[in-house]
Amino acid sequence: MIKATINNVDIEVPEGTNILWAAKKAGFTIPTLCNHPDLEPGGQCGICVVEIEGIPGLKRACMTPIGEGFKVRTHTPRVMATRKQLVELILSNHDTDCLTCVKNNNCELQQLAATLGINVLDYPKFEEKLPIDHTSVSIVRDPNKCILCGRCIQVCSKVQTVNALAVNHRGCDTLITTAFDAGLGNSVCINCGQCVVHCPVGALYERSAAEEVWEAIHDPDKFVVVQEAPAVRVMLGEEFGMPTGSLVSGKMHAALRRLGFDAVLETNFTADLTIMEEGTELISRLTSGKNLPLITSCSPGWIKFMETFYHDMIPHMSTAKSPQQMFGALAKTYYAQVKGIDPAKIVSVSIMPCTAKKFECQRPEMNASGYQDVDYVLTTREIGRMMREAGLDIKEMPDEPPDDILGEYTGAATIFGATGGVMEAAVRSAYRLVTGKELEDVEIKPVRGLKGIKEAEIDIEGTKVKVAVAHSCGQARELLDKVQDQIAKDGKSEYQFIEVMACPGGCVGGGGQSWGSNMAKRARRGESLYEEDRSLPLRRSHENPSVLAIYEKFLEKPNSEKAHKLLHTHYYKRSAVDGKILPG
Amino acid sequence: MSQEKQCHCAEIQEEELYPRLEEVIKEHKGKGEDLIMVLHKAQNLFGYLPRKAQELVAEGLNVSLNEVYGVITFYNFFSTVPQGRNSVKICLGTACYVRGSQEVLDKAQKELGIKVGGTTEDRRYSLDVVRCIGACGLAPAMLVNDDVYGRVKSPHLLDIIEKYE
Amino acid sequence: MNLVRNHLLISIDAGTIMAGARAVEKALVEEIDRQGLSGEIAVLETGSIGVTGQGVVIVVYPEGLYYANVTPQDAHELVEEHLLKGRPVKRLMMTEMPKQHVIRKERTGLLKEQPRIVLRNSGIIDPENIDEYIAESGYEAIERAFTKLSPAGVIQEMKDSGLMGRGGAAFTTGMKWDFASKAPGDVKYIICNADEGEPGTFKDRLILEGDPHKLIEGMMIAGYAVGATKGFVYIRGEYALSIERLEKAIAQARQYGILGDNILESGFSFDVEVMKGAGAYVCGEETALIESLEGKRGHPRNKPPYPVTEGLWGKPTVVNNVETLANVPEIIRNGAAWYRGYGTDKCPGTKVYTIIGNVATPGLIEAEMGTTLRDIIYEYAGGIKDGKKFKGALVGGAAGAFMGPEMLDAQMDFVNLREYAAVLGSGAILVMDDSADIVGMLKSVLHFFKHESCGHCVPCRLGTSQLVKIIDKIADGKGKNGDIEKLVKVSEVMRDTSFCPLGQSPILPISSSLKFFKDEIFGRVTG
């Protein structure tokens, strides 16, 4: 342990703690722009400088480990003047049209400028405006807002190992762009949006569908159905100032209904359905021994990652569509048929914690209903703003149930939103499918939580199934490299079933979550999903009465021909240069 | 500054150079640390770094395309646009600058109708700046290909470069 | 060398090549052959002899006579008149013969001249022939290290010598080696920083071109001392001739068993690889250089950890400048006490300067540490050109400081200059006569920083841009009251918060120019 003082406050912290975190111990928050609690410090902004007695000059708190006996001062006149100067320099090269910025009121630079009391800009502005990158269907990049803090780069290259974004060019011409400056839509970007949620300013944000959805809602000729992903119910409260991870399922249904959607349905319903399809697929692969391990397919960021960097894993992928797309296919067929609505009039909207879902719904093969199955995807942030625009406050809403016949869900569905959840839900039902008996203890704790790659061995009446769970594409890469090596060496892998989610923490850590997120918040949201699971009367997907009904009335049985047509999909090989589908 | 043995023969089609690039890449297969070295060699082959060459280098050295692009756009030496038959380089080292090389550069940009780093449409000239070529005694100095010109005055610029076809 | 009547040394460096040295060489050889003198006269290539701006330069030995601005058309006359008839061609003879160029005399002891430690062989031996280096006691130092000194002994010798890094930071070389030798790890590296990018500096190039084996020997000794078996020379990409010469020298050294496994039966193995830079000034900073060596963008790393503990590929790494390493064989061969006979107490040895601008004979100078600026300009560079008055000098390159006439008698060394808030830096001296425009100079320097900023950190990336905006305004006569203060303010923030020395440097030229030329600069601000 190291003993030191911060502004005369004594502290004791473990060796290697940097001054930024040591100061928190003493009750001082040192301002910073480039530092993020989940990422390595890069030292770009210099805002966090402090003075240390006996050491000349100023030191970056984020990169300086505190030493024994250090006397640190975090807001001397010199430090405060320097910080102001630095922020002024940043503002001289920043598009400061804050009122029309997507990050207005949520911008770390805006907050910092306010905190430091900057009210005059002493430096001439750089007037040159750079073009905004609109090439991606998921993410917009505005270089005029970018402060080159490097967070997006680190998350894209180190955490996700996608390397779509990088620092290109040099000096004052430095830009964060894709290869050849071709734009995110013409790159290997997997649309996961981790860059978006790590951006401190308004340089990265989702491509919004709010206007289109408003238009559909206000169009009397349209029947607008909405589905909400499992994770959204533990995220939406944050948009209204509720504590992180507040569970608002019922309030969410009520607010969506008041917003004007014609039917408030549930992605959770198709999550249960996914388990039936994927679970059946697992059993048949375990039986045949072919294409093992089976790998989950719910996360569209992960799918594009696999298609781009791991072509040879395509046969291992579950062919089951994601819950969003299963919902889409059923809304314009089964739902339309049962409710007697012309599917051409149905506008299918989904509320997602995800930016990649915007890409997924526009994939050309996602039109099993004969229409684009899902028309618009809104992130949690977008729907939160729309609710506020309509004068709704989620805190004030009553608890309401979803509508039938695509609304009912079990606890197994709701945990899809947390890493390991799909795996756990699948095992709950696979056990029944194989043995005909119910799994007594449905909670499979080894696959829960935010530690790295998780492994477990499940005993299904003597049959041992080795499973692994990865959350983040970096972990997926590590796991798949291992699987590839094993298959190359021994002809088979030690794993039979793998869950991959593109985002750290799973969907509760998706690119569509509220601004200002971190791993601690992701963990909290995940715990709330497990709480909802415990609170629900039914916790196994195969017990969902609406699921049983749809098989009885419409789909016949899991993996039937009809189920295959509507609920299963195929994958493409993509170029590692521009992410486009390769011919053949 | 000599630009090494750059290929200026326009008649050799770019496509014919790719097998030679493949050979270079083979020597450095999977060695990301050799990236800059390989890019030097590629540029010596093509005179610049065409997009396809960048893609091949990324794949061969097992680095992301963006890393390749990031490196290329960081270093002055690398160019992603084809070079002209004649390379005009104006020294902006301190000694030359003080003696008016910026004026010469402005004139060159105006006369050639291109910016620094650019190539004229007829591929006759490429324009670049260099930082001190050690010819400070001749300031302001410029280079056309391997020929050095000292005490260049902007009115004489055209007379000099027009000698090069 | 054969027994011949005359040696004709032709200086081959980037400057003279541009001036047509190759063509002159060809013409001379042909002419000598035509006149039937091939057996009597040898034409040798040598590195730069320390003269720039005088076209193709050749030296005829044994007379030691210098010709400048030689063209191929002069070959006939030169050969017939001088070499055949023994009548020097007056019209081509170098006027204003700089003192340090009279190498022969120094070597024969006829005249006490400036000591030549670093440049001992430059311009004298054929840099492409290892035998000539060996004949000048080359590779004796590494042998002494093997036979008489342990690695610890070498480090002690280096510490005793007091040699400080010549790249600009002036860290004690022996200390650096000591840290690296004590850093845990089996694999260690020696890197020679030959990415000379400071404007107006070309000393390293001339060392590389004139005496490449000396650098190799210096690196070997460093490797032996710290326990490294691999060395890299990171060399500026534009230095084509240096690269060619160095690669030849490495090949020859390998052929002679001087590089490779179990060198001279010592049990020590060492090899050197050349890595070509790609044009980024910031790569002169050691951690940026290391990133670049690893094939990445040259962004500086955070320090600590310093390269001596975590450098190339995370291994302990010594990064030394060319001139530093060129001192090493001399120190090890002659001993620390001998070395301390040169220079000052605090700063022993010599310094190689490139002196350019308005002096009579610009070029390369080696002078003892502690020599005054006045002596350097007036004794070794022939004084101010055309008899004009000295106005000032920019010393140390762009990251250097201006010196006014008040500083002419300041002793030039790393330690002493600190007291004047000036630096020796890379050893570039840009001399200005009374016609020089200080604002213009400052503008050039600040544009340079903006162009070379790597863009990683806010203060440097945006600070350099603002500095350029402000100085451009002042230079255009549109400066307002407060603009100069703004220059100072920005450069102070940059000094305090920039990630690496590049961004920390603009304060030096700005504050020093204001110290000596305040009235002139403020006079440009109209209000």
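How many of the ten residues of helix α4 (residues 65-74) of chain B are buried? Keep that question in mind and open the model.

Before selecting anything, note the numbering: residues count from 1 along each chain as its sequence is written, chains are lettered from A and ligands numbered from 1 in the order in which they are written. This is a predicted model, in which local features need pLDDT of at least 70, side-chain atom pairs count only at pLDDT 80 or more, and totals for chains, interfaces and linings use all residues.

**Stop 1: α4 of chain B**

Select residues 65-74 of chain B. Ten of the ten residues in this helix are buried. Buried means 20 or more other C-beta atoms within 10 Å of the residue's own; exposed means 12 or fewer, partly exposed lies in between, and C-beta atoms are placed from the backbone. Helices are DSSP runs of H or I with at least four residues, strands are E runs of at least two, and both are numbered from the N terminus. Among the buried residues are B:Leu65, B:Tyr69 and B:Phe74. Now show what they pack against: α2 (35-46) and α3 (51-61) of chain B, together with β7 of chain A.

**Stop 2: chain A**

Show where chain A meets chain B. Eleven residues of chain A are in contact with ten residues of chain B. Contact means that the C-beta atoms of two residues, placed from the backbone, lie within 7 Å. The chain A side has six nonpolar, four polar and one charged residues. Here Ala, Val, Leu, Ile, Met, Phe, Trp, Tyr, Cys and Pro count as nonpolar, Asp, Glu, Lys and Arg as charged, and the others, Gly among them, as polar.

Next, select α4 (residues 151-159) of chain A. Seven of its nine residues are buried, including A:Arg151 and A:Cys156. They pack against β7 (166-168), β8 (175-177), α5 (194-198) and β9 (204-206) of chain A. Just after this helix, A:Thr161 takes a positive phi of about 50°.

**Stop 3: chain C against chain B**

Select both chains. 36 residues of chain C are in contact with 32 residues of chain B. On the chain C side, α17 gives the largest share, five residues. That side divides into 18 nonpolar, twelve polar and six charged residues.

Zoom to B:Val98, in helix α5 (residues 94-98) of chain B. B:Val98 touches C:Ala436, C:Gly440, C:Met441 and C:Ser444, not counting residues up to four places away in sequence. Why does B:Val98 count as buried? Because 24 other C-beta atoms lie within 10 Å.

**Stop 4: a bent helix in chain C**

Select α21 (residues 507-523) of chain C. Where does α21(C) bend? Look at C:Phe517, where the bend is about 105°, taken as the angle between axes fitted to the seven residues ending there and the seven starting there. C:Phe517 is one of the buried residues of α21(C). Cover for the buried residues includes α17 (438-452) and α19 (483-497) of chain C.

**Stop 5: a helix pair in chain C**

Finish with α9 (residues 203-210) and α11 (residues 240-255) of chain C. They pack at about 35°, with axes 8 Å apart. C:Arg205, C:Leu208 and C:Glu209 in α9(C) meet C:Leu241, C:Ser242, C:Arg245 and C:Leu246 in α11(C). Axes are lines fitted to C-alpha atoms, for helices over the stretch in contact, and angles run from 0 to 180 degrees between N-to-C directions.
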